[in-house]
Amino acid sequence: MISILLIEDDPLIQKTVNLKLKKEGFDVVCCSDGKEGVEKLKELLPDIVITDLMLPYVSGLEIVSAVKEIKEKNIPVIVFSGMGQEQVVEEAFQLGADDYITKPFSLSELTIRIKKQLKR
Amino acid sequence: MHSRDTFFRFIRPEHLYLTALFFIVVTFIIVTSIYVYLYLRKKRYFLKQFITDRLDEYISTILIGEDALPEDLLLNDELAGILSRKNGQQLAIDQLINTKKNLTGHAAESIIALYEKLNLKAISVKKFKSPVWYKKAKGIYELYMMNQKNMEQQIVKYTNSNNEYVRMEAQTAIIGFSGFSGLSFLSNLSYPLTDWQQIKLLEQLHLLNPDKMDDLPLWLQSTNEYVVLFALKLAETYQQMQVHAEVVNCLNSQSERIRHQAILTLGRIAQDDTTATLKAIYAREAYSNKQIILKQIAIIGTDDDIDFLMTVLKTEANDNLKLDALRAIMKCSLDGDKIVADAADNNSVITAMAKQINYEMIK
């Protein structure tokens, strides 16, 4: 089963995305802050990481860097960004992010983007 | 000895006991109150957390469904209990609004359907109808966020409310419901439209496809200075060339801010005679507006404007304005650097400025 690490601090968004992805047949592990996210990333080495850019303790950008530092596996990262965060998204791409999705987003669009990244 | 006697004449041992007892009682009351307060706060926090968790679970399950919501939503006893309480209802509205900010598509539609089916709209309408301003403003916000378009006619009346917050929420809601045509509230606005609100409205409009603004010429002639200012910003942002004459008219306004914005707007909707108009008003303008005029001429000017800029360079006492004139010369003419070099001849100030501009150009 494909494993996804979802790092999102909004509990309701986290739960909704989690349920949607589980329904799509993915194995999802959720974290509510960046620090926990980095720990889980190193422990689980998931197949894909989805992270919000604005997170407590460790930012989404630092998570992107941490993912790209992993040598054992090429893990794609999709970042969630808010409106008007183009500059941060640009930074995320420079650090190695593979795709981004702007909030508000549709759950089906997110699923399509995940599948697209996994096909690569 | 004498002072000791006086002390004991007034303060007897029983006084000291009573005082000690008083402080013990007061301390006890304070400590107990703090304990009770913290206990209640903690209890309230956990209750809120409990309700939020239950609501989150329920809402997220509904949102991932791919079909439309059923006519009768099945709620278990626990949820029905939560949603019959006032704080439960408000938490549900807050959660739905927060989620709607993050989701689009089918999930967003489900959020609105859920809001309506759980009868939460009635709570928002009740707030909207309240005479208390902050409740009314919150009610408008909730109805707008939940896309309750059928409330538009009732909300539009408050776009000119005497309460700033109610007015702002109503204006935001109307633009949210009707887009550019919602701007018609500007025709009747008699209260201020704050800078912050102007930014918010422009940001809101930025997400929509630009549409016709038939009343723009009227807004540019409004007696409300804020409406004129906002209309000028609209003309600038959406390059409304057809209102050039009205914008030129704004250059005669008593308000320096309006004239300032009119100069900026003219830079974006320039016609053949725009630089001539700007040059004509230059001498009578305030310092900051002079700067803007020179910056606009740098963008829209041609060789025909070099004489004017040279006059500014020679006659203007302010060095910042001289510098702006030099920058404009460099941009208006292909021979700009030669003209600047000639002007710099035997003039140490202009030579230094020319060096600065050359440095800027290389950079």
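**Conventions.** I worked with a predicted model, in which local features need pLDDT of at least 70 and side-chain atom pairs count only at pLDDT 80 or more, while totals for chains, interfaces and linings use all residues.

**Entry 1, the interface.** I looked up the contact (heavy atoms within 4.5 Å) and found that it takes 21 residues from chain B and 15 residues from chain A. The buried area (accessible area, 1.4 Å probe, that two parts lose on being put together, summed over both) is about 1,500 Å², with carbon and sulfur atoms giving 62% of it. On the chain B side, I noted that Ile64(B), Asn102(B) and Thr104(B) lose the most area to chain A, together 38% of what that side buries.

I then searched across the interface for salt bridges (a side-chain nitrogen of Lys or Arg within 4 Å of a carboxyl oxygen of Asp or Glu), and the rule finds zero. For polar contacts (N or O atoms within 3.5 Å; within protein, one must be able to donate a hydrogen and the other to accept it, and residues adjacent in sequence count only if both atoms are side-chain atoms), the rule finds five residue pairs, both residues at pLDDT 80 or more.

Among helices (DSSP runs of H or I, at least four residues; strands are runs of E, at least two; both numbered from the N terminus), H2 (13–63), H4 (86–102) and H5 (105–117) of chain B each supply at least two residues of the side that touches chain A. H2(B) gives the most, with seven residues.

I counted 18 salt bridges over all chains. In one of them, the side chains of Glu8(A) and Lys103(A) meet at 3.1 Å, N to O. Glu8(A) lies in the loop between S1 (3–7) and H1 (11–23) and Lys103(A) in the loop between S5 (99–102) and H5 (107–119), so the pair ties together parts 95 residues apart in sequence.

Lys138(B) and Asp94(B) meet in a salt bridge at 3.5 Å, N to O. I placed Lys138(B) in H7 (133–145) and Asp94(B) in H4 of chain B, 44 residues apart. Asp94(B), Lys127(B), Lys138(B) and Glu142(B) are linked in a network of salt bridges.

How values were computed: Residues numbered from 1 in each chain as written. Chains lettered and ligands numbered in written order. Heavy atoms only, no water.
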